[in-house]
Amino acid sequence: MRRFAQRQRLLLTLNFLLLTPLAHAGVQLVVDGVDDTLKNAVTSSVELSQYAARDVSEAQARRLYERAPDQVKTALQPYGYYEATTTGDIQQIGKDWKVTLHVTAGEPVKITTVNLTMDKQAAAIAPIRRAMRALEKLKDQPLNDGAYDDLRDRVSGALTANGFLDARLVTHRVEVNRAEHHAVITLAWEAGERYRYGQVHFDNSQFREDFLDRYIPFKPGDYFSQDQLLELQQALNGADYFSVVNVLPDVDSAKNGVVDISVQLAPAKRTIYSGGPFIGTDTGVGVRGGIERRWVNRRGHKWKNEVVLAQRLKTVSTLYSVPLPGTNQRSLNYGATYRDSNTDTSQSRTLELVANETELWHGWTRTLGVHALSGTFTVGKIGNEPDSTPGIEHGRSTEVFGEASLSRKKADNPNFVHHGWSLSLTARSTAGTLLSDARFSQLMADAKWIDAFGANDRNRLILRGTAGVTWTNDFTALPPQLRFFAGGDRSIRGYGFQEVGPLNSFGRVIGGENLLVASTEVEHYFTRTWGMAAFVDAGNAFTGTNYSPVIGAGLGVRWLSPVGMIRVDVGTPIHNSRESGFELHLVIGPDL
């Protein structure tokens, strides 16, 4: 009986031990006396930081605390501080240990001399010279191993990137005098021969041999440049012919200072079908569908077709592109678009034919072409009013005009721009009244600038501006596409699409000859994908010099969704006796 009772007590004791959670004793580490950079270096280097969420006994905690000063000293040496001292204290608070380290960094070692030796031919090349100057600027700065290693490697990288594929760092010496707190850096490179391009070989291309030469930004015999190889890769990716593009210099087989380039390719899917529903406050709810033939033949011709059916917009379009020889990516493009548009102030049914040439020109995309636009239209109509309502203007027009445009954009990230801009310039003109019902000339400019600021770039300032001017002998003959209106998602928010502009004698908006609109917007992101915006838009369409800007302002929500940026804004007119209330705006698409 006694043995049974002992067993029972033993089982109860074991159950208690198993069911009772083990006590946890960790280390709370506090570092002071140095700036955040040095504090982070200390915190990540001392062993105490590894026990924030691990059990530690009293003996372990005190042993780790005793080793901390030496670990602090070692942690700060890469930042130029060789005489760091540490005091502190250790306290038990409840089951945990609180360790405070008071760090005195001391006087840093400074770089007093930077001696660089480089072959004259290599040192004269601008990117290499800039890398060397950046390294020389370390003089009189505290010795920082990370910054020094980075700048030294940049020089070596610049040599390789500019054709010195056999370059070697033959002298690499950093002499530190701790007593005098100074350091001397001595570096020497042997650049060797500067390589030139040989032949470019395209593997697994679906095109005839010479077609892809149009994307090569260099000639055999030019000096090797990694930037040009990157340019070639980006051009081939942008052509949309391939699913895989690898541009590889064949360095191992290089002879007599000549290196061939191998481009490994894999064809993309030839035919692309796209489609689905969409919504926009300017167009309403709709559906679109498209068929794109990425290449029609071995000469790289492209063909794209699209149908859009929305509440306020219906279009059918086709575009055929013929790439031309040369390295500036020239193409001849032939297209046709039937458009049935219904805005807040106009209706139009038009057919537009276009033939143009596009090419890269000094970093810009340049387009030169001819348009033929013909159809019927009404302006000044509101809602479902009868066409016979007084004040509504009707027209039938044909305009044949030339168009030239320059466009360029630059962004650090195509999905979410932190720093970037876009600019588009367009000029149009008829040849008098040849094949046209009215003579007109038109200039337009559209610009957008985005810049992130604040902690972790969580804020963005977005500035936008649009301007246009028209000269014509008969404004009433111009269809709505060639008149200027304001208002809408990408114009002045707080107003409906194209509902702002000059009025006729019946008080109806009929569009203007000129346009001037500007916008300021500030965004703040609470998370990586969600944010809010505040905006003010101002401007108007006008005729002559009778410019009277209207203002819209409001707030919005931003969501960086898997399908792109989604913007939902609510705007309202400001100080406008004719307009009031709120307007919802929805835009889905890239920043630029």
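Which residue in β3 is the bridge partner of Gly 88? The partner is Leu 101.

This is a predicted model, in which local features need pLDDT of at least 70, side-chain atom pairs count only at pLDDT 80 or more, and totals for chains, interfaces and linings use all residues. Residues are numbered from 1 along each chain as its sequence is written, and side-chain values use heavy atoms, with hydrogens and water left out.

**Overall build**

The protein chain holds seven helices and 25 strands. Its radius of gyration is 34 Å, well over the 25 Å that the globule rule gives for 592 residues, so the chain is more spread out than a compact globule. That radius is taken over C-alpha atoms, and the rule is 2.2 Å times the number of residues to the power 0.38. Along the principal axes, the C-alpha atoms fill a box of roughly 105 × 85 × 60 Å. Helices (H or I, at least four residues) and strands (E, at least two) are DSSP runs, numbered from the N terminus.

**The β1-β3-β2 sheet**

Three strands make an open sheet in the order β1-β3-β2, and the pairing is mixed. Two strands pair if DSSP finds at least two bridges between them. β1 (27-32) and β2 (85-93) are the edge strands, and each pairs on one side only. Neighbouring strands are turned by 15 degrees against each other on average, direction ignored. Axes here are lines fitted to C-alpha atoms, for helices over the stretch in contact, and angles run from 0 to 180 degrees between N-to-C directions.

Helix α3 lies across β2 and β3 and runs at about 25 degrees to β3. Contact means heavy atoms within 4.5 Å.

**Helices α2 and α3**

α3 (residues 58-76) also meets α2 (residues 36-45): their axes come within 9 Å and cross at roughly 130 degrees. The two helices are therefore oblique to each other. By the angle classes, under 35 degrees is roughly parallel, over 145 roughly antiparallel, 65 to 115 roughly perpendicular, and the rest oblique. The crossing is right-handed. A crossing is right-handed if the near helix is turned clockwise from the far one by less than a right angle, and left-handed if anticlockwise.

On the α2 side, the contact is made by Leu 38, Ala 41, Val 42 and Ser 45. α3 supplies Gln 71, Val 72, Ala 75 and Leu 76. These residues divide into six nonpolar, two polar and no charged. Ala, Val, Leu, Ile, Met, Phe, Trp, Tyr, Cys and Pro count as nonpolar, Asp, Glu, Lys and Arg as charged, and the others, Gly among them, as polar.

**The β7-β9-β8 sheet**

Another open sheet of three strands has the order β7-β9-β8, with mixed pairing. β7 (196-203) and β8 (242-249) stand at the edges with a single partner strand each, so one side of each is left without a neighbour in the sheet. From one strand to the next, the twist averages 15 degrees. Val 245 stands opposite Leu 265 in β9. Helix α7 (residues 226-238) lies across β7, β8 and β9 and runs at about 165 degrees to β8.

**Antiparallel pairs**

| Strand | Partner | Bridges |
|---|---|---|
| β2 | β3 (residues 96-104) | nine |
| β8 | β9 (residues 258-267) | seven |
| β17 (residues 393-411) | β18 (residues 419-430) | 11 |
| β18 | β19 (residues 440-453) | 11 |

Leu 406 stands opposite Leu 425 in β18. Leu 423 stands opposite Ala 447 in β19.
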